[in-house]
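Work through these exercises with the structure on screen. Try each task before you read its solution.

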Amino acid sequence: AAGIGLLIAQYEGGVTRDGWRPQLTAWLRFMLSAKMLLRLFLLVLVIAMVLSHSRMGNLAFFVALMMAGLVLAARSKKMRRPALLLVSTMMIIDLLVIGQWVGFDRIAERFQATDMRAPTEAVPNSAPASASSDDPLPPKEESIEERLQVPALSLKLVERRPFFGYGGGTFHLAFAPVKPDWVYAGYWTNAHNDFVEMAVNLGIVGLTLWLGVGLLSALAAWHLITDRQPRLNRGVGVAVLIAIIASSLQSVMEFALHIPANALTLSILLA
């Protein structure tokens, strides 16, 4: 997100050059400039993201990039063409080139194997992994329903202490007494939903304050994405918008914002 924002901030507008020599000179200067180095760094980051085979991570990035690009195109006439060009080229490069090279098909297979509902004849997740045969079954992708089991059960904790919760960082202690036997018998440190976990830890009051920071930052970013703002401000607005959208989407199914590196990076971008 920060790299794409910096890319937007560096855009100076198209300059027409007559003749092939000035055009070739400008192209060579661009190839040797820091802007090309930034594009290479972004390419490495996207390759790493695809190699992670994360379904929600890749989906959140693509959706956030597309939404931020459309907002930039709608609110800035100067950036309309380069914004649409940036989004389309990144989509094409990611899906067709990088995806086929580093294994985007693996992510597609995981999406296809993801069901909406858990199978009724499935064996409970609490079966011990050690009690297996000589031919273990291949790993099965969690359904949407299975992934949302723990957040749904955690809502009972919110009902018990709705306003101020159980205290910061206490989800693993609060969830243990309400975890039924048919849920995986391991030790649950996170709710796999940042919004629900924040409500359990800090209650509705803490969740409201937490969401308020993100919403106010998104509103400030929205106001920065106009032609009246300097280039750097527009780039910051785009970066924050991508980061907020992607983090929010990934937090629905995972605990991305309870990973210190993610939380610290997003806090810096919001600031």
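**Exercise 1. Find which residues Leu 72 touches, not counting residues up to four places away in sequence.**

Step 1. Set the cut-off: a contact means heavy atoms within 4.5 Å.
Step 2. List the partners. Leu 72 touches Ile 8, Met 79, Ala 83, Ile 225 and Val 238.
Step 3. Know your source. This is a predicted model, where local features need pLDDT of at least 70, side-chain atom pairs count only at pLDDT 80 or more, and totals for chains, interfaces and linings use all residues. Residues are numbered from 1 along each chain as its sequence is written, and side-chain values use heavy atoms, with hydrogens and water left out.

**Exercise 2. Describe the largest nonpolar core.**

Step 1. Define it. A nonpolar core is a set of buried Ala, Val, Leu, Ile, Met, Phe, Trp, Tyr and Cys residues joined through side-chain atoms within 4.5 Å. Buried means under 20% relative accessible area, exposed over 50%, and partly exposed in between (1.4 Å probe, protein chains only).
Step 2. Pick out its centre of contacts. The core has 29 residues, and Ile 4, Phe 61, Leu 65, Leu 72, Met 90 and Ile 242 touch the most other members.
Step 3. Assign helices. At least two residues come from each of α1 (2-9), α3, α4 (55-75), α5 (80-102) and α11 (231-253). The most come from α4, with 9 residues.
Step 4. Look elsewhere. Another core, of 15 residues, lies apart from this one; Leu 153, Ala 174, Ala 191 and Ala 199 are among its members.

**Exercise 3. Check the span of α3 and name its buried residues.**

Step 1. Compute the expected span: 1.5 Å times one less than the number of residues.
Step 2. Compare. Helix α3 (residues 34-51) has 18 residues and reaches 26 Å from first C-alpha to last, close to the expected 26 Å.
Step 3. List the buried residues of α3: Met 36, Leu 38, Leu 42, Val 46, Ile 47, Met 49 and Val 50.
Step 4. Recall the geometry. An α-helix has 3.6 residues a turn, so residues three or four places apart point the same way.

**Exercise 4. What is the phi of His 192, and where is this residue placed?**

Step 1. Recall the rule. Most residues other than glycine have a negative phi.
Step 2. Read the angle. His 192 has a positive phi, near 60 degrees.
Step 3. Locate it. His 192 is in the loop between α9 (171-175) and α10 (194-224).
Step 4. Classify it. His 192 counts as partly exposed because its relative accessibility is 21%.
Step 5. Find another case. His 53, which follows α3, also has a positive phi near 60 degrees.

**Exercise 5. How many helices and strands does the chain have?**

Step 1. Define them. Helices (H or I, at least four residues) and strands (E, at least two) are DSSP runs, numbered from the N terminus.
Step 2. Count. The chain has 12 helices and 0 strands.
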